[in-house]
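Let's take a walk through a protein chain together. Have a look at the picture, then read on.

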Amino acid sequence: MAPLTRKRKAELEHVQDAPELPHSLGWKPDLSKVEFVKPAPKRVKRLFDSEELTPKPDQSPPSLKTAAKKAIKYHFTPGSTPYPNHLMPTPEACEEVNRILSKAHGKVEAPKIIATPSMKVAGCGEVPDLLDALIRTRLSATTSSTNANRALEGLQKAYGLQTTGPGKGSINWDAVRRSDIPAITEAIKRGGHQNVKSVDIKVILDTVYAQNVARLEFLLHGTKSEDPENAVLEEEPASPEAKGLEISKLKENMLSLDRIMRMKPFEAMGEMMKFKGIGVKTSSCVLLFCMKIPSFAVDTHVWRHCKWLGWVPEKANRDQTYSHCEVRVPDHLKYSLHQLLIMHGKKCYRCKSNTAYGTAKWNQTVCPIEHLVNRMDAKKQPGYVSPKKEVVEDEKGGVKRKRAPGKKVIKGKKIKKEVELDSDQELSEDVPEISESEFGPGEDAEV
């Protein structure tokens with residue numbers, strides 16, 4: 001019951017001759033004297049003339065088909081830089097970095113012929129078949145190469161290999177398509193992020209199959225789809241011979257992505273980015289490694305070095321870094337610089353993401369591009385001291401870090417390492433590997 005105000009108390013003053021209620025419930029007030037106030041009307045949002053008083057339909061969760069078509073906004077500006085006034089990197093700067101890193105890590109050249117698919121290494125698209133390249137690169141996202149290789153091995157054991165076509169020797173993706181999401185999740189669980197990746201893989205395969213069915217219906221019978229998204233599938237081939245060849249290839253492989261292989265580079269990237277879970281970096285890698293088209297793919301190592309070298313502004317994200325460097329870096333250096341910056345980011349102690357200034361190993365490391373980089377991270381600046389550890393010098397003048405006083409170590413508790421991931425969920429070599437012990441007994445026997 002709401003508290004009584006002073007005025008209400010006076011109105012409900014106790015009446016001496018009022019009959020008592022039973023069971024000691026108190027006295028009965030004279031309600032005839034109480035003035036009831038009509039409640040204020042509820043405020044209604046003002047509507048403009050263009051608005052209608054119609055109820056909104058209930059919003060149901062999106063289906064897999066809807067999720068596959070949902071556009072994701074990337075900072076992707078094909079063919080133009082988001083920083084037109086930022087003049088770095090110049091061709092001379094690119095040549096200098098390429099020359100220095102080639103001397104330090106070995107000369108890198110793009111292969112003239114794409115090798116047959118490897119079942120030991122998932123990779124980032126170094127296979128002949130575009131669909132195979134696309135899904136392998138998705139498997140390599142947000143995990144280490146070792147974990148990605150484990151996921152590939154799990155798919156091989158569960159679904160077998162293709163025996164014909166350009167994907168011969170790789171995963172039987174049609175068997176994966178005919179499978180269900182829980183089974184795919186189980187097959188790739190040793191690679192990490194299996195719940196997300198299994199849905200992405202299933203949706204990609206279903207989407208490609210549905211698109212090829214629509215394309216084949218158009219080529220054979222002229223049937224047009226009501227979906228505006230399929231307008232690109234209803235383009236007439238250049239000649240009757242080309243039409244016959246395309247029909248023949250589709251009948252052999254309903255998971256073919258040859259139509260993307262025939263597109264211009266940025267058109268191909270845009271088409272690949274329509275698939276669920278595929279972003280700028282993945283499509284750029286497929287362009288570079290599978291389609292053999294120069295493309296400056298930006299992963300976590302490349303992005304870090306581009307900022308340290310001053311090639312992009314400090315606050316540029318990965319997609320902006322790609323769009324800018326794709327315009328500035330000469331085509332003949334895109335493959336080698338991509339590979340060399342990744343190699344250097346993994347091998348050079350000072351240029352790794354999780355190392356700090358002042359350690360003995362830092363002082364022992366000689367970085368060949370030290371005179372060119374400005375590592376802007378606070379932990380890589382002179383005088384950096386970890387807030388969680390006490391810094392002391394040992395007898396040899398090296399730097400040691402002791403545990404902060406009063407801090408206890410809990411045995412058996414694992415500490416998760418912070419890692420930086422790509423904006424479109426791409427490969428980060430800094431992600432810790434998943435140990436075999438995390439999957440319980442029996443897993444080791446399957447390896």
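How many helices and strands does the protein chain have? There are 16 helices and 2 strands, where helices (H or I, at least four residues) and strands (E, at least two) are DSSP runs, numbered from the N terminus. Keep in mind that this is a predicted model: local features need pLDDT of at least 70, side-chain atom pairs count only at pLDDT 80 or more, and totals for chains, interfaces and linings use all residues. Residues are numbered from 1 along each chain as its sequence is written, and side-chain values use heavy atoms, with hydrogens and water left out.

Now for the inside. Of the 447 residues in the protein chain, 41% are buried, meaning under 20% relative accessible area, with exposed being over 50% and partly exposed in between (1.4 Å probe, protein chains only). The largest nonpolar core has 76 residues; such a core is a set of buried Ala, Val, Leu, Ile, Met, Phe, Trp, Tyr and Cys residues joined through side-chain atoms within 4.5 Å. Leu131, Trp173, Met272, Phe296 and Trp311 touch the most other members. Helix α12 (residues 280-290) gives the most to this core, with 7 residues. A second, separate core of 6 residues includes Leu216, Phe218, Leu219 and Met254.

Let's zoom in on Trp173. Leaving aside neighbours within four places in sequence, Trp173 is in contact (heavy atoms within 4.5 Å) with residues including Leu131, Ile135, Leu155 and Leu255.

Finally, find Ala158 in helix α5 (residues 145-159). Ala158 counts as partly exposed because its relative accessibility is 46%.
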